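Subject: Handing over the model we talked about

Hi,

Here is the structure I promised to pass on. Have a look at it, and then read on for my notes.

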Amino acid sequence: MLPLAAVIFVCAGVLDEVERPPSIWQQVILGTTIATALEFVAGLILNVWLGLGIWDYSNLPGNVLGQICPQFTLAWAVLVLISIRIENFMHRIANSLTSSR
């Protein structure tokens with residue numbers, strides 16, 4: 001799951017790397033959508049097709065094929081917001097280091 005988390009972190013980070021970035025809440029919504037979609041695809045591959053059984057949300061309300069559910073989509077929203085903040089902080093540090101040379 002670490003590679004999936006890394007991909008989601010990168011996706012969340014590049015949401016504001018455009019000339020006119022969306023608002024932070026638009027970034028969170030888009031990032032959460034990306035994270036949930038990637039979790040669903042990963043779940044279909046790892047849990048359904050390969051039968052690894054890494055996670056199963058079948059017992060939670062609103063789940064889709066046991067691979068995603070509203071509760072974890074909300075958790076992704078929090079993690080995406082944190083990821084965006086961390087990535088922006090990392091950019092500020094990198095910019096200050098390069099401008100001080």
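Which residues in helix 1 meet which residues in helix 3? From helix 1 they are Ile8, Phe9, Ala12 and Gly13, and from helix 3 they are Trp76, Val80, Ser83, Ile84, Ile86, Glu87 and Met90. By class, this contact has eight nonpolar, two polar and one charged residues. Here Ala, Val, Leu, Ile, Met, Phe, Trp, Tyr, Cys and Pro count as nonpolar, Asp, Glu, Lys and Arg as charged, and the others, Gly among them, as polar.

Before going further, a word on how to read all this. This is a predicted model, with residues numbered from 1 along each chain as its sequence is written. Local features need pLDDT of at least 70, side-chain atom pairs count only at pLDDT 80 or more, totals for chains, interfaces and linings use all residues, and side-chain values use heavy atoms, with hydrogens and water left out.

Helices (H or I, at least four residues) and strands (E, at least two) are DSSP runs, numbered from the N terminus. Contact means heavy atoms within 4.5 Å. Buried is under 20% relative accessible area, exposed is over 50%, and partly exposed is in between (1.4 Å probe, protein chains only).

**How helix 1 and helix 3 cross**

Two packed helices are described by the angle between their axes and the distance between the axes. Helix 1 and helix 3 (residues 70–99) pack at an angle of about 65 degrees, and their axes are 8 Å apart. The axes are lines fitted to C-alpha atoms, for helices over the stretch in contact, with angles running from 0 to 180 degrees between N-to-C directions.

**Helix 1**

Helix 1 has 13 residues and reaches 19 Å from its first C-alpha to its last, close to the 18 Å expected at 1.5 Å a residue. That expected span is 1.5 Å times one less than the number of residues. Its buried residues are Leu4, Ile8, Ala12 and Gly13, and what covers them includes helix 2 and helix 3.

Leu4 counts as buried because its relative accessibility is 14%. Leaving aside neighbours within four places in sequence, Leu4 is in contact with Leu38, Glu39 and Ala42. The C-alpha atoms of Leu4 and Ala35 are separated by 8.8 Å, although the two residues are 31 residues apart along the chain.

**The core**

Which residues have the most contacts inside the largest nonpolar core? They are Ile8, Ala35, Val80 and Ile84, in a core of 13 residues. Such a core is a set of buried Ala, Val, Leu, Ile, Met, Phe, Trp, Tyr and Cys residues joined through side-chain atoms within 4.5 Å. The elements giving two or more residues to this core are helix 1, helix 2 (24–49) and helix 3. Helix 3 gives the most, with four residues.

**Helix 3 and its partners**

The end C-alpha atoms of helix 3 are 43 Å apart, which agrees with the 44 Å that its 30 residues should span at 1.5 Å a residue. Trp76, Ala77, Val80, Ser83, Ile84, Glu87 and Asn88 are the buried residues of helix 3, and they pack against helix 1 and helix 2.

Over in helix 2 you'll find Thr36, which is buried at 12% relative accessibility. Not counting residues up to four places away in sequence, Thr36 touches Ile68, Thr73 and Trp76.

**The loops**

Is Trp55 buried or exposed? Trp55 is buried, because its relative accessible area is 11%. Trp55 sits in the loop between helix 2 and helix 3. Leaving aside neighbours within four places in sequence, its contacts are Met1, Glu39, Ala42, Gly43, Asn47, Gly66 and Gln67.

Leu65 is found in the loop between helix 2 and helix 3 as well, but Leu65 is exposed, with a relative accessible area of 60%. Most residues other than glycine have a negative phi. Phi of Leu65 is near 55 degrees, a positive value.

Finally, Glu17 lies in the loop between helix 1 and helix 2 and is partly exposed at 41%. Not counting residues up to four places away in sequence, Glu17 touches Glu87 and His91.

Cheers
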